Amino acid sequence: MTAATLSDITDLTDFANSRPSVPERVVERRRYRTIWISDVHLGTRGCNAGMLIDFLDHVDSEHLFLVGDMIDGWRLKKRFFWPAAHNDVVWRLLKRAKRGTKVTYIPGNHDEVFRQFTGLDFGGIAIRRQAIHVTADGRRLLVLHGDEFDAITLAHRWLAHVGDAAYTVLMGVNRWFNLARRGLGMPYWSLSQHAKAKVKNAVAFISDFEEVVAHAAGTRGVDGVVCGHIHTAEQREIEGVAYYNDGDWVESCTALVEHFDGTMEILRWADEMAQRARTATIVALAAAA
């Protein structure tokens with residue numbers, strides 16, 4: 001992925017006036033005060049764009065934070081992959097801003113090319129390196145991608161790229177695994193996430209990352225921190241600091257939301273879609289009886 005130009009970003013805002021290949025669903029949307037999503041990795045085969053489109057068509061919010069790695073520049077440099085569904089995701093995000101949602105985009109390490117535009121606003125989307133969000137109940141949350149605290153990404157960039165290649169292979173297996181499940185009428189289930197949860201070193205890395213991020217947030221005098229980067233959704237208190245990770249749309253397909261009273265919740269969209277399908281089946285069976 002080559003360096004972005006100002007005209008490239010400006011052209012994106014005009015894109016919101018086009019039509020998506022998959023029209024928006026006309027449904028009653030669940031309203032939240034704030035939504036955080038990250039690690040979508042548009043431009044890769046592992047991106048669950050269809051599930052994210054379903055999510056965006058069923059929810060709405062006053063604030064929307066895009067917490068990095070929305071586009072995978074690392075992968076696009078090696079091989080261009082951009083199906084219509086990825087355009088549809090971008091279209092929906094831009095449409096949110098056009099309709100009045102306050103959208104803040106915090107680029108991560110995979111879409112770091114957009115960090116050169118930090119401090120600028122395009123079509124209602126504010127590009128920031130990090131942000132402070134004040135919840136409805138008055139808590140101050142630091143919002144950042146999280147790669148700042150990843151020693152592998154910072155100190156050993158070549159190793160991070162090797163790890164990215166291995167991860168791509170794992171996600172390929174995960175994609176075929178779920179295609180087989182879909183053919184059998186079974187819901188989405190992340191094989192890669194399950195494998196990561198079973199590997200001792202991965203579990204230790206995630207725990208260390210969470211503690212480092214929470215400690216850094218505490219030294220900055222905030223009440224909590226929201227990040228992404230490690231593809232593991234979580235909410236817990238660490239040393240008196242609220243730690244939130246919104247997960248990803250490659251493995252877990254999760255989002256972090258704030259209700260209008262300041263309550264925070266992690267939405268696991270694969271589970272939501274599976275429940276909706278079960279309900280539809282029950283209704284159909286009842287109607288046929």
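Biologist: Does Thr-34 count as buried or exposed, and at what relative accessibility?

Modeller: Thr-34 counts as buried, because its relative accessibility is 0%; buried means under 20% relative accessible area, exposed over 50% and partly exposed in between, with a 1.4 Å probe and protein chains only. Residues are numbered from 1 along each chain as its sequence is written, and side-chain values use heavy atoms, with hydrogens and water left out. This is a predicted model, in which local features need pLDDT of at least 70 and side-chain atom pairs count only at pLDDT 80 or more, while totals for chains, interfaces and linings use all residues.

Thr-34 belongs to strand β1, residues 30–37; helices (H or I, at least four residues) and strands (E, at least two) are DSSP runs, numbered from the N terminus. Apart from neighbours within four places in sequence, Thr-34 is in contact with Ser-61, His-63, Phe-65, His-133, Leu-256, Val-257 and Glu-258, where contact means heavy atoms within 4.5 Å. Two of these partners are also reached through polar contacts: the side chain of Thr-34 pairs with that of Glu-258 at 2.7 Å and with that of His-133 at 3.3 Å. A polar contact is a pair of N or O atoms within 3.5 Å; within protein, one must be able to donate a hydrogen and the other to accept it, and residues adjacent in sequence count only if both atoms are side-chain atoms. Gly-262 is 228 residues away from Thr-34 along the chain, yet their C-alpha atoms are separated by 9.2 Å.

The wider chain gives the context. Of its 289 residues, 50% count as buried, and its secondary structure comprises 9 helices and 12 strands. Among contacts between residues at least 6 apart in sequence, 71% join residues at least 24 apart.

Between β1 and α2 there is a loop that contains His-41. The phi of His-41 is near 55 degrees, a positive value in a residue other than glycine, and His-41 is buried, with a relative accessible area of 6%. Most residues other than glycine have a negative phi. Glu-239, in the loop between β9 (234–238) and β10 (241–245), also has a positive phi near 55 degrees, but Glu-239 is exposed at 64% relative accessible area.

Helix α2 (residues 49–58) meets helix α4 (residues 84–98): their axes come within 9 Å and cross at roughly 25 degrees. Axes are lines fitted to C-alpha atoms, for helices over the stretch in contact, and angles run from 0 to 180 degrees between N-to-C directions. The two helices are therefore roughly parallel, the class for angles under 35 degrees. From α2, the contact involves Ala-49, Leu-52, Ile-53, Leu-56 and Asp-57, and from α4, Ala-85, His-86, Asp-88, Val-89, Arg-92, Leu-93 and Arg-96.

His-86, in helix α4, is buried, with a relative accessible area of 2%. A polar atom of the His-86 side chain lies 3.0 Å from the backbone nitrogen of Gly-43. Beyond neighbours within four places in sequence, the residues in contact with His-86 are Leu-42, Gly-43, Thr-44, Cys-47, Ala-49 and Phe-81.

Conventions
Angles under 35 degrees count as roughly parallel, over 145 as roughly antiparallel, 65 to 115 as roughly perpendicular and the rest as oblique.
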